[in-house]
Amino acid sequence: MSFSKLLKSATCVAVLAAAAFSAAPSDANAQERVRWKMGSTYPGSLTQLGTLGKRVDDKIDEVSGGNIKIKFYEPGALVPALEVFDAVSTGSIDAAFSTPGYWAGKVPALQLFGAVPFGPQAGEYLAWVKFGGGQEIFDRLYAEHGIKSLFCGLIAPEASGWFSKEINSVDDLKGLKMRFFGLGAKVMEKLGVSTQLLSAGDIYPALELGTIDATEFSMPAIDLKLGFYQVAKYYYFPGWHQQSTFFDLMMNKEKWDALSDTQRAQIESVCNDNLAYGFAEGEAIQFAALKELQEKGVNIKKWSPEMLDAMRGAWEEVAGELSSQDADFKEAYDSLQSFRADYKIWKDIGYLD
């Protein structure tokens, strides 16, 4: 073959290859656009609990260049606040922003991934999830219900309750009707409190009408916004029941599995960023809220060592009972306790008391 023919042949091959390359869709072009509806357990205006959900909406749009839109809907707009689990599971909504601690009646073990009484602070909790075996258990528990969920928010310690009178002993708790969340509610029941779980918007009216006598909900900056100080003046710390709290983005698993690798990575990146953002924000906004609450006449109190000992003892009973009743709870709790025992080696030597 002459050089001119060889050159012409090579040019032809190059042109064909270039045409084939340009015709082949890139990963970005091949991805189908995602347009999801996301329910929420929390109002979008609620500090952190709602605003972190709305932040997912904003950030995934930015990170994906508009390829993924996960639109935040207020509680009740798609389904009631505490029905998002079933709605995501069946695919009637695509996603929801909530906390695993709400699903005690469906998967008791998921409570251990929301908040744990006398449990780990944020760094230790996140370490267990990411590197101590927690993530694998979490994924399996949700997958059994057709849900893929990502840890998507983390907040600082909560307060442990608003009361209309001073609490000096366990006897002062007996007979109280109190809104309480998660595993901490079972502890309070052991101490003689009648508990019920109310969503954010229902708590203030219940306090005002006397349907409940006391409540816990969240951190000072959040509780301030909800106005509990207007109907209860004794505010107790520390939040023994929630030293740190996880929030999650639940997604219908079939829809998650249908995403491209890039789309899944983009959603995961936004949620990982939301973990850091939520924790830092929560730590930064509490002292101003506490100052304002004091100005409004709130009595900020700390539990006595005796009261904390009573609560801890009740929690150990609850944990033992739930572990004996539910194999998944036992697996998750044993995993957490084993990790905490090892972590203590580092905590005791690495951190100041």
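Analyst: Partly exposed means a relative accessible area between the two cut-offs, under 20% being buried and over 50% being exposed. At 27%, Lys255 therefore counts as partly exposed. The model is predicted, and every value here is computed from it.

User: Lys255 has a charged side chain partner; what kind of interaction do Asp94 and Lys255 form?

Analyst: A salt bridge requires a side-chain nitrogen of Lys or Arg within 4 Å of a carboxyl oxygen of Asp or Glu. Asp94 and Lys255 meet in such a bridge, with an N to O distance of 2.5 Å. Asp94 sits in the loop between helix H4 (84–90) and E3, while Lys255 is in helix H10 (residues 253–257), so the bridge ties together parts 161 residues apart in sequence. Asp94 is buried, at a relative accessible area of 11%.

User: How many salt bridges does the whole structure have, and which residue pairs with Asp273?

Analyst: The search finds 20 salt bridges. Asp273 pairs with Arg55, and the closest N and O atoms are 2.8 Å apart. Asp273 belongs to helix H11 and Arg55 to helix H3, so this pair connects parts that are 218 residues apart in sequence. With 36% relative accessibility, Asp273 is partly exposed, whereas Arg55 is buried at 12%.

User: Over which ring does Arg55 lie?

Analyst: Arg55 lies over the face of Tyr277, 3.8 Å from the ring centre.

User: Which residue forms a salt bridge with Arg340, and where do the two partners lie?

Analyst: Arg340 meets Glu124, at 2.9 Å from N to O. Arg340 is in helix H14 and Glu124 in helix H5 (residues 122–131), so the bridge joins distant parts of the chain, 216 residues apart. Glu124 is buried, with a relative accessible area of 6%. Bridges can also share partners: Arg140, Glu144, Asp328 and Glu331 are joined into one network in that way.

User: Now the sheet. In what order do the strands run?

Analyst: Strands of a sheet pair through backbone hydrogen bonds, either parallel or antiparallel. Here five strands make an open sheet with the order E2-E1-E3-E10-E4, and the pairing is mixed. Strand E2 (68–72) and strand E4 (147–155) are the edge strands, each pairing on one side only. From one strand to the next, the twist averages 25 degrees.

User: In which sense do E1 and E2 pair?

Analyst: Strand E1 (residues 34–40) pairs with E2 in the parallel sense, over five bridges.

User: Which strands does helix H3 lie across, and at what angle does helix H11 run to E4?

Analyst: Helix H3 (residues 51–63) lies across E1, E2, strand E3 (95–98), E4 and strand E10 (245–252), and runs at about 160 degrees to E2. Helix H11 (residues 261–284) lies across E1, E2, E3, E4 and E10, at about 25 degrees to E4.

User: How many aromatic pairs are there?

Analyst: The whole structure has 27 aromatic pairs. An edge-to-face label needs planes over 60 degrees apart. For Phe138 and Tyr142, the ring centres are 5.0 Å apart and the planes stand at 85 degrees, so this pair is edge-to-face. Both residues lie in helix H6 (residues 134–143), four residues apart, about one turn of the helix. Phe138 is buried at 0% relative accessible area, and Tyr142 is buried at 1%. Tyr235 and Phe237 are also edge-to-face, with centres 4.8 Å apart and planes at 70 degrees. Both Tyr235 and Phe237 are buried.

User: Why does Phe329 count as buried, and which residues is Phe329 in contact with beyond its sequence neighbours?

Analyst: Phe329 counts as buried because its relative accessible area is 0%. This residue is in helix H14 (residues 327–350). Leaving aside neighbours within four places in sequence, Phe329 contacts Pro108, Ala109, Leu112, Leu183, Ala319, Leu322 and Ser323. Pro108 is 221 residues from Phe329 in sequence, yet the C-alpha atoms are 6.4 Å apart in space.

User: Is Gln242 buried or exposed?

Analyst: Gln242 counts as buried, since its relative accessibility is 3%. Gln242 lies in the loop between strand E9 (234–237) and E10. Not counting residues up to four places away in sequence, Gln242 touches Ala115, Pro157, Glu158, Phe181 and Glu216.

Technical notes. Residues numbered from 1 in each chain as written. Predicted model: local features only at pLDDT ≥ 70, side-chain atom pairs only at ≥ 80, totals over all residues. Heavy atoms only, no water. Helix = DSSP H or I, 4+ residues; strand = E, 2+ residues; numbered from the N terminus. Buried < 20%, exposed > 50% of the residue type's maximum accessible area, 1.4 Å probe, protein only. Contact = heavy atoms within 4.5 Å. Phe/Tyr/Trp six-rings, centres within 6.5 Å; stacked < 30°, edge-to-face > 60°. Lys NZ or Arg CZ within 6 Å of the ring centre and 35° of its normal. Pairing = 2+ DSSP bridges. Axes fitted to C-alpha atoms, helices over the stretch in contact; angles between N-to-C directions.
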